[in-house]
Amino acid sequence: MTGRTPARFTADDYRARMERAVRAAGDAGLAGLLVAPGPDLVWLTGYAPPAATERLTLLLLTPDRDPVLVVPALEAPDAAAAAGAPALTLRDWTDGKDPYAATTALLDTRGRYGVSDNAWALHLLRLQKALPDSSYASLTEALPMLRAVKDAAELELMAAAGAAADATYEEIRKVPFAGRRESEVGADLAGLLRRFGHSQVDFTIVASGPNGANPHHEVGDRVIEHGDMIVLDFGGLKDGYGSDTSRTVHVGEPTDEECRVHDLVREAQEAGFRAVRPGVACQEVDRAARAVIADAGYGEYFIHRTGHGIGVTTHEPPYMIEGEEQPLVPGMCFSVEPGVYLPGRFGVRIEDIVTVTENGGRRLNDTTRELVIVD
């Protein structure tokens, strides 16, 4: 793949995100946010500390002071080098000292704080012990839309990740399927995602024949046979932003029923996509896709939500599911992926990542949605 490298985020970008997060916390009745290592911290600061660290690292976002990042002293140089560091105050602590005392001194003793889902129970319990009158809420529940609306630079990165996934699909269509194990094709998918710029492969589903009736089968040792329908679903992170696409292929000529079910899912996917526009509730995307499948008599075989948000992780809010009344907003990115799963026989799923525009939706995946014949 060629093309210009998407713009990197600046300290001002991260400062704006943290300011937006503080405002959102106030609107939600929270005294502030406590953000542990994970996707929220990366999105807010550009800093990704060692994944396995047990030492307290915590971003404190409150309306009464500039953002503070509490970090272990031995990791402070890396934190200071992060793109968002100029928008932060770093407070480091050394082994043998109490990091919780330094942290709680910056918090309201009776405050209610949103806490990122990746926070260790150990750290949260120590904070609760030090501040027994404080309380906490999951960030996903308190501020589910915090990362949902992407700016122009983020959308560019999302589009690049989608294009890389599309290039992967175009190449995987050329490899032999029959006579090979699902795991072998899955390894091909992972290699292609990395070849086209992914730094992280989150999943490679290769669900052949009856395994296709399990939406999350991933890969196994089953040998793919002539006559199999195969669900391919794959994605990961490229330049920090996610891809996720599904297509269903067939080894050799399909039966009339297989064609009919595939056409039905393709029609449902199109209906879900056409329901996307600003102001429409998320559940309406699910309803539009589900109605097509239900009207054709296959409603009981569509067994999952129609879509999920995507950004710095491959699954995040918002969700396209009945009961989700969150209105769509320009810049939101999510999957539209209806499916039909016939137990013991085969499955079909077609998935694109879609972003909301000012007057509708735009697909970030552009490969054919027709049933493709593979060898």
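A charge sits over a ring if NZ of Lys or CZ of Arg is within 6 Å of the ring centre and within 35 degrees of the ring normal. Keep that in mind for the first stop. The model on screen is predicted.

**Stop 1: arginines over rings**

Select R290 and F302. R290 lies over the face of F302, 3.9 Å from the ring centre. Next, select R363 and F273. Here R363 is placed over the face of F273, and the distance to the ring centre is 4.0 Å.

**Stop 2: F9 and Y14**

Now turn to rings that pair with rings. The whole structure holds four aromatic pairs. Select F9 and Y14 for one of them. Their ring centres are 6.2 Å apart and their planes meet at 75°, so this pair is edge-to-face; the cut-off for that class is over 60 degrees.

Are these two residues buried or exposed? F9 has 15% relative accessibility and so counts as buried. Y14 is buried too, at a relative accessible area of 7%. The limit for buried is under 20%.

**Stop 3: F9 and Y241**

F9 is in the segment before α1 (11–27), while Y241 belongs to strand β9 (residues 241–242). The two residues are 232 residues apart, so the pair joins distant parts of the chain.

**Stop 4: the cluster**

Finish by showing F9, Y14 and Y241 together. Ring pairs link these three residues into a cluster.

Technical notes. Residues are numbered from 1 along each chain as its sequence is written. This is a predicted model: local features need pLDDT of at least 70, side-chain atom pairs count only at pLDDT 80 or more; totals for chains, interfaces and linings use all residues. Side-chain values use heavy atoms; hydrogens and water are left out. Rings of Phe, Tyr and Trp (its six-membered ring) pair if their centres lie within 6.5 Å; planes under 30 degrees apart count as stacked, over 60 as edge-to-face and the rest as tilted. Buried means under 20% relative accessible area, exposed over 50%, partly exposed in between (1.4 Å probe, protein chains only). Helices (H or I, at least four residues) and strands (E, at least two) are DSSP runs, numbered from the N terminus.
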